[in-house]
Amino acid sequence: MMHRRRLLAAAAAATTLPLLPGVVRAALPAPKGRVVLTISGRIGIRNAGETAQFDMDMLAAMPQHSFSTKTPWYPTARKFTGPLLRDVLAAAGAQGRTLRAIALNDYKVELPVEDASRYAVVLARLLDDKPMSVRDKGPLFIIYPFDADETLRSERYYSRSAWQLKVIEVE
């Protein structure tokens, strides 16, 4: 429980305090399990050298959001669950304008940070309430709520969804 409180406090601090030189920010706990996500670049909260690293338990401890949506990759609507991308970025104190998402197979895509604040973009860790294997586009998948806004049902946003996510570089 204390681990969860520290993580939530770090996320809250990151969203309310400006990043100022010399100001100490809330600490991000070190991952205890296998690292599934590394955030680097323009971040103000680190727990592993110049990066913020997350294990699956850290991501599961954040507030979870779910939605069902149709995608080009599945024949029917699927339910995606995980923390909001904006909450994960806040936990790392992200201060950039662009995100470069890098997948396990080295696929790279850029998306504006603004997408994370404008839309309920989820860093999905569950598909239909089950952990996602690499074979099922896991363990993490940046997914937009395509059915919530007609604007999102376009190649522009489909291409910004990154499955098998391993790294986010903040620029």
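Modeller: Lys137 lies over the face of Tyr74, 5.6 Å from the ring centre. Arg78 also lies over the face of Tyr74, at 4.6 Å from the ring centre. A charge is taken to sit over a ring if NZ of Lys or CZ of Arg is within 6 Å of the ring centre and within 35 degrees of the ring normal. The model is predicted, with local features requiring pLDDT of at least 70 and side-chain atom pairs counting only at pLDDT 80 or more, while totals for chains, interfaces and linings use all residues. Residues are numbered from 1 along each chain as its sequence is written, and side-chain values use heavy atoms, with hydrogens and water left out.

Tyr74 also belongs to a cluster linked by ring pairs, together with Phe67, Trp73, Phe80, Tyr119, Phe141, Tyr144, Phe146, Tyr157, Tyr158 and Trp163. The structure holds 13 aromatic pairs. One of them joins Phe141 and Trp163: the ring centres are 5.7 Å apart and the planes stand at 70 degrees, so the pair is edge-to-face. Rings of Phe, Tyr and Trp (its six-membered ring) pair if their centres lie within 6.5 Å; planes under 30 degrees apart count as stacked, over 60 as edge-to-face and the rest as tilted.

This pair links distant parts of the chain, 22 residues apart: Phe141 is in strand E10 (residues 141–143), and Trp163 is in the loop between helix H5 (155–158) and strand E11 (165–170). Helices (H or I, at least four residues) and strands (E, at least two) are DSSP runs, numbered from the N terminus. Phe141 counts as buried because its relative accessibility is 0%, whereas Trp163 is partly exposed, with a relative accessible area of 28%. Buried means under 20% relative accessible area, exposed over 50% and partly exposed in between (1.4 Å probe, protein chains only).

Leu165 counts as buried, at 1% relative accessibility. The C-alpha atoms of Leu165 and Ile102 are separated by 5.9 Å, although the two residues are 63 apart along the chain.
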